[in-house]
Amino acid sequence: MLFDNFTQTIIPLQSINYINEYFKISKPLSPELIKSIKQYGVLESVILVEGNGCFIPVCGHNRMLASIQTGLDHVPAKIINALSEDDFKAIITLKLYNNLTGTIGKLKSLYILKEYFKINKKQLIAIAHELSVPDALIETTSLKKIIGLPSSLSNYIDSKNIPYKFIMPVLRLSDESIQLVDAITNVCQLRVNYFRDIVVMIEDICRNQQYESVLKKITVLINKENITDDEIYRNIYMLRYPQYSEYVEKINYLKNKFLSYGLKIEVPEYLEGNVVNIIIQVKKNEVVHPLLQQDREILALVQSIVALL
């Protein structure tokens, strides 16, 4: 266990500056942790350092938040004089081992090591490679922008363990576009592949001179009640590819035309593919579709399978 040589004590939460999340590298607070603390209390001490007349947390932020939500007013804690580089690296290792640190947490760890502990570039690159972080993300400007992302977006990236390669396009977005993506992650359960595509589409939209009016349309869209990620994705797709709307109208017309002949048509979603399925429905004790009657062998096979129903 970390800091075994320090004595555990009970500290009132009001004495802790628990909103100070400078050293927080864990994923967002989980319902499982809240449930556990409600049932068993805080089993592992939080780690605090004293400064400016209060205690600053360096490990255990989620345990404190869960304690507040469950009505506790004290937590077990170990108070250290100062946080060393080795101490912080040990915290990183422990959280990685327990899968408590996500994409943002790993990048924030690098930022703290660089800015707070002043480790040199060679050391930083070595640790980044251990975390599989690409070199492009360890520059100070990139790290600052990543850890400064709005809360909903940051929590989404961390909780979903969004790959680093999907974060690169986020860094290219304007502040206005980042706020928009943040709002999208806040209104629905967004699938990771949708997140990836939406970020790229918004980036493409912003290259257009009329992008502000398009972004406003997206803002209106996501404020609809009970909006789903399918609806958001489909509408942003149509805004990114205006001609797609025209194709959808033509496809719907043709689908209805085929349906009038008893044929159902399935077209690849977003027209991404080269196969169209034509479905003929056959019902037991009803006349078989004329197209199936044109070939005796096919008709016999259809009748054989229907007879099994």
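Reader: Hi! Which helix does Pro 169 lie in?
Author: Pro 169 is part of helix H8, residues 164–171. Helices here are DSSP runs of H or I with at least four residues, and strands are E runs of at least two, numbered from the N terminus.

Reader: Before we go on, what kind of model is this?
Author: This is a predicted model, where local features need pLDDT of at least 70, side-chain atom pairs count only at pLDDT 80 or more, and totals for chains, interfaces and linings use all residues. Residues are numbered from 1 along each chain as its sequence is written, and side-chain values use heavy atoms, with hydrogens and water left out.

Reader: Thanks! Is Pro 169 buried or exposed?
Author: Pro 169 is buried, with a relative accessible area of 10%. Buried means under 20%, exposed over 50%, and partly exposed in between, using a 1.4 Å probe and protein chains only.

Reader: And what does Pro 169 touch?
Author: Leaving aside residues up to four places away in sequence, Pro 169 touches Val 199, Val 200 and Glu 203. Contact means heavy atoms within 4.5 Å.

Reader: New topic: what is the strand order in the open sheet of four strands?
Author: The order is E1-E4-E2-E3, with mixed pairing. Two strands pair if DSSP finds at least two bridges between them.

Reader: Which strands stand at the edges?
Author: Strand E1 (8–12) and strand E3 (54–59) do; each has a single partner strand, so one side of each is left without a neighbour in the sheet.

Reader: How many bridges join E2 to E3?
Author: Five, and strand E2 (residues 46–51) runs antiparallel to E3. Across this pair, Leu 48 stands opposite Pro 57 in E3.
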